[in-house]
Amino acid sequence: MKLFLEINPFGKLSNNSLNNIAQMSHRRSSLQPNDLYPREIDIEVCLKTLKIYQKLEGDVNCVVWDASLVLAKYLETMCHQKPDFLSGMKVLELGAGLGVVGLTAATLGAQVTMTDLPEALSLLRLNIAENKAKIGSMGGYAIAESLVWGDNNSEIHKQDFDMVVLADCVYYEEAVEPLLQTLQRLTNAFSQRPVIYLTQEIRDTEMQKKIWDTFYEKITDFFYVEKIPEEQQHCNYRSADIVLLKLIKK
Ligand SMILES: C[S@@+](CC[C@H](N)C(=O)[O-])C[C@H]1O[C@@H](n2cnc3c(N)ncnc32)[C@H](O)[C@@H]1O
């Protein structure tokens, strides 16, 4: 069941404004303005609206996935209950895609480093540029860097983070082990170990279920795993098909 995923283009900007934004964001970008279409995401708690550019065609990092909305809206719900929940927090996002979770956290006052594969960064940086003023007005900050899961030499590991977030990143078998390595590495290296918030859509193919079961079994070896019940999530952005977990290093 997909509640929020929207894959049809709507609300297209004029070609001129898309052209300008694509050129400003990344001179060597392969982004073509005609391929892009925006999606607006309201952050009710601070009355800001993020504009997220998606691509008409491309890899999995070109659209907003439901699990990212569930996690972004959970962070917003937490900030509603505790206004300084993200203020000044150093947050790292893995597999950020278009950046919905990281940009939401930054708009709620966090200092966010969003990461993904190198080929995903131009569109992610376009979305940072598009929302930079809103983020800055709330005291937040967002940058995008490459982090390939399992790359233990990444400079990212030398930094301290308070929180790690990731949405819909457990979807192919070859990535399970490298992703676990990265999560362990990030939570081993620091005196103050970051808390991890993770959402995952549980898809109904046998292969997807197997991948999730394998991942879940392994995380329970290394982390205390708390399943956040739906009633604690955003009232409109939650789904029985999407799990939200909080992980703390054992
Ligand atoms: C299903 S998408 C989810 C994107 C975004 N978190 C969302 O929910 O909208 C999975 C993301 O993981 C990234 N990814 C896949 N394999 C990766 C790897 N080995 N290292 C880093 N990122 C990876 C993809 O580029 C993509 O952005």
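**Close-up views of a predicted model**

**View 1. Where helices H3 and H4 touch.** Leu103, Ala106 and Thr107 of H3 meet Asn127, Ile128, Asn131 and Ile135 of H4. By class, the residues of this contact are four nonpolar, three polar and no charged. The model shown here and in every view below is predicted. H3 covers residues 100-107, and its axis runs 10 Å from that of H4 at an angle of about 20°. H3 is therefore roughly parallel to H4, since angles under 35 degrees count as such. The crossing of H3 past H4 is right-handed.

**View 2. Where helices H5 and H6 touch.** H6 spans residues 206-222, and the axes of H5 and H6 come within 10 Å, crossing at roughly 20°. The two helices are therefore roughly parallel to each other. H5 passes H6 in a right-handed crossing. On the H5 side, the contact is made by Glu173, Val176, Glu177, Leu179, Leu180, Leu183 and Gln184. On the H6 side, Met207, Lys210, Ile211, Thr214, Phe215, Lys218, Ile219 and Phe222 take part. Nine residues of the contact of H5 with H6 are nonpolar, two are polar and four are charged.

**View 3. The seven-stranded sheet.** In what order do the strands of the open sheet lie? The order is S5-S4-S3-S6-S7-S9-S8, and the pairing is mixed. S5 (141-146) and S8 (223-227) stand at the edges. Each has a single partner strand, so one side of each is left without a neighbour in the sheet. Neighbouring strands are turned by 20° against each other on average, direction ignored. Strands of a sheet pair through backbone hydrogen bonds, in a parallel or an antiparallel sense.

View 4. S4 (residues 111-116) pairs with S5 in the parallel sense, over six bridges. H4 (residues 121-137) lies across S4 and S5. The helix runs at about 170° to S5. Angles over 145 degrees count as roughly antiparallel, so H4 and S5 fall in that class at about 170°.

View 5. Is S9 largely enclosed or largely open? Six of its eight residues are buried, so S9 is largely enclosed by the rest of the structure. S9 pairs with S7 in the antiparallel sense, over six bridges. Here Thr199 stands opposite Leu244 in S9. S9 also pairs with S8 in the antiparallel sense, over five bridges. In that pair, the bridge partner of Phe223 is Lys249 in S9.

**View 6. Helix H2 across the sheet.** H2 takes in residues 66-81. Which strands does H2 lie across? They are S6 (163-167), S7 (195-201) and S9 (242-249). H2 runs at about 140° to S7.

View 7. Gln192 lies in the loop between H5 (173-188) and S7. Buried or exposed, how does Gln192 count? Its relative accessibility is 55%, so Gln192 counts as exposed, the cut-off being over 50%. Gln192 touches Phe161 and Asp162, leaving aside residues up to four places away in sequence. Asp160 is 32 residues from Gln192 along the chain, and their C-alpha atoms are separated by 8.2 Å.

Notes: Residues numbered from 1 in each chain as written. Predicted model: local features only at pLDDT ≥ 70, side-chain atom pairs only at ≥ 80, totals over all residues. Heavy atoms only, no water. Pairing = 2+ DSSP bridges. Helix = DSSP H or I, 4+ residues; strand = E, 2+ residues; numbered from the N terminus. Axes fitted to C-alpha atoms, helices over the stretch in contact; angles between N-to-C directions. Contact = heavy atoms within 4.5 Å. Buried < 20%, exposed > 50% of the residue type's maximum accessible area, 1.4 Å probe, protein only. Parallel < 35°, antiparallel > 145°, perpendicular 65-115°, else oblique. Left-handed = near helix turned anticlockwise from the far one by under 90°. Nonpolar A, V, L, I, M, F, W, Y, C, P; charged D, E, K, R; others polar.
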